[in-house]
Amino acid sequence: MPRRRAVPTLTTLCLQSLAQHMQSLWAKDYSDNYLDEYEFRFLVGPFNDLACGLVQELLGLLGTSRRLSRAALHLLLLPHLQQLSLRPCPALANNALGHLIVLRCQGLSMLDLGGCGRLSPSVLVDLAEGLPRLSRLGLAHTQANVQVLSAVGSCCQHLRELDVSGCKKVTPRALRHLGYDPLAQSPGCLALRVLLARDLEHSGDGDMVAAVAFLLLALPHLEVLAHSALPDALRLLHRRQLDGTKDSEGFPSLEELARSRGAAPEGPPLMLPLRQLEEVEEDALGIVHAVCPQAEEVSVWLGDSPGPAGLRELPDWKCLSRVTLGCSGRHGRALAEVLPLAQGLGTCLHTLTLHGFICRDPLSLPALLASCPGLQSFSAELEVPPDPHAHAEPPEEPPAPPPVWATDLLPRGLPQLQSFSLTLAGPVPAAHRPALSSTLASLLSEAPQLQTLRLLAVPFPLDSVLEPALAGPALRELRELSLAESLVSAGAVWQLLGSDGPLRRLDLSRCPDIHRRDYDAFLQAVRKQRLDLDITWE
């Protein structure tokens, strides 16, 4: 049975009380008397004595409950605050608030301004220059431009993570300032390890490719660079096409940077410490592997037909543990093509995500899962071939008892699996259903650490699939279950509610066999037993 709601801790109750009375007491007094006074370096009040972690927790509680007002935010901008995220309340972020953050919160190490489009570039510059201890900075979907990134590159020497995704004013020249300060003729954010720069303007032009290559050479500790031009930049560096890249604005050329990294034209090949690679085309895997041999995570787009080496390149990546494969062609690829990859990586493969594959052989899914017993997360959106007998009239037969599916298709089990998601697009041929049902029954019985389970749009009954797991000791760690658009009965849901486990979220959206009266009965049982369970249905 899902567990009863836990008794809140005293700390939680105190924070909830503060959040509840914030507007009517402290924020009201501040609004009436001091809200437009922006020169207060310190405010004496009930929040000064709160530890940094409690202030951050109170901010989060106010943000998630949509009770964070401008006055409340002003009151909680305290000198000992170390982390501040305005992402939940971008409407409160204006230029005056930006100046207040610089004035009061000199100790910030993390600042997330994602979506705060009202902050002007000059205020963003002041924030970068006035908060020297920042190690994480989020500027996604803001007015960040070349002046802002120049200030970041010059002043944020401890910065390890930066997000400028969706910033329409970030140009190739602006990105270069993160790696080099042309005025001081000195390196930029040498400590930077993660740079997220998705969805920028001019992502595919030559200047942007050269700018991404510049960052790869100028930032020696960069492990993650999320940008659509990354594969082309890696090609450029691998082929050493560095001539003619001299910059007239004081930046060193790619050739000069390559020499500083020990990659002379006739010397050893250049290798980069990138750990995560996105949007790599299948035919570029060999080049990318040569430049980034330490990669731990890669996402690959596959065409309709395999390339010369294809997925056979991936098992040679000794550090690889997280793989995403997507079929970008019109016809998709067979799921069986992933088997050599799974068998090659074996227990090293911890995360596998698949999009658009076709499950022509129903036994390819259990074979794939059995090949990587070290999986911690698996997600697949699969298509199945059409059923040639889909339009034939089925003969009249008396109702058969629910089948008992085999649960031994995964001999080694999946002892580390924590998240499993399967989406089936379209109807499933009758010949595929026994193998797929037995695969799911085996998985649920042999994954003792499973915490998140999503079986979406499964067009065959799931009651008999869930039955072996619910009858035994399996699913004892399950916290989130989604059966949206799948065939599951109210009886199976009642059995689930009576099972032992920490289930907290159950999604029954658009399940054709769950009706309003069933949903109302589930909610009544949850309220009556005071269960800590959120059920969704529509």
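I looked up the buried residues of α1 first: they are L15, L18 and A19. I then checked where they sit around the axis. They cover an arc of only 95°, which puts them on the same side of α1. I recalled the general rule: an α-helix has 3.6 residues a turn, so residues three or four places apart point the same way. Next I turned to the other side of α1, where L10 and Q20 are exposed.

I note that this is a predicted model.

**A helix pair**

I moved on to α16 (residues 463–471) and α17 (residues 490–497). Their axes come within 10 Å and cross at roughly 15°. Angles under 35 degrees count as roughly parallel, and α16 and α17 are therefore roughly parallel to each other. I recorded the crossing as left-handed. Which residues meet here? From α16 I listed D463, E467 and L470, and they meet A492, Q495 and L496 of α17.

**The whole chain**

Last, I stepped back to the protein chain. I counted 18 helices and 19 strands. Its C-alpha atoms fill a box of roughly 80 × 70 × 35 Å along the principal axes. Of the 538 residues, 50% are buried. I also looked at contacts with a separation of 6 or more: residues 24 or more positions apart account for 76% of them.

Definitions and conventions. Residues numbered from 1 in each chain as written. Predicted model: local features only at pLDDT ≥ 70, side-chain atom pairs only at ≥ 80, totals over all residues. Heavy atoms only, no water. Buried < 20%, exposed > 50% of the residue type's maximum accessible area, 1.4 Å probe, protein only. Helix = DSSP H or I, 4+ residues; strand = E, 2+ residues; numbered from the N terminus. Arc of directions from axis to C-beta. Axes fitted to C-alpha atoms, helices over the stretch in contact; angles between N-to-C directions. Parallel < 35°, antiparallel > 145°, perpendicular 65-115°, else oblique. Left-handed = near helix turned anticlockwise from the far one by under 90°. Contact = heavy atoms within 4.5 Å.
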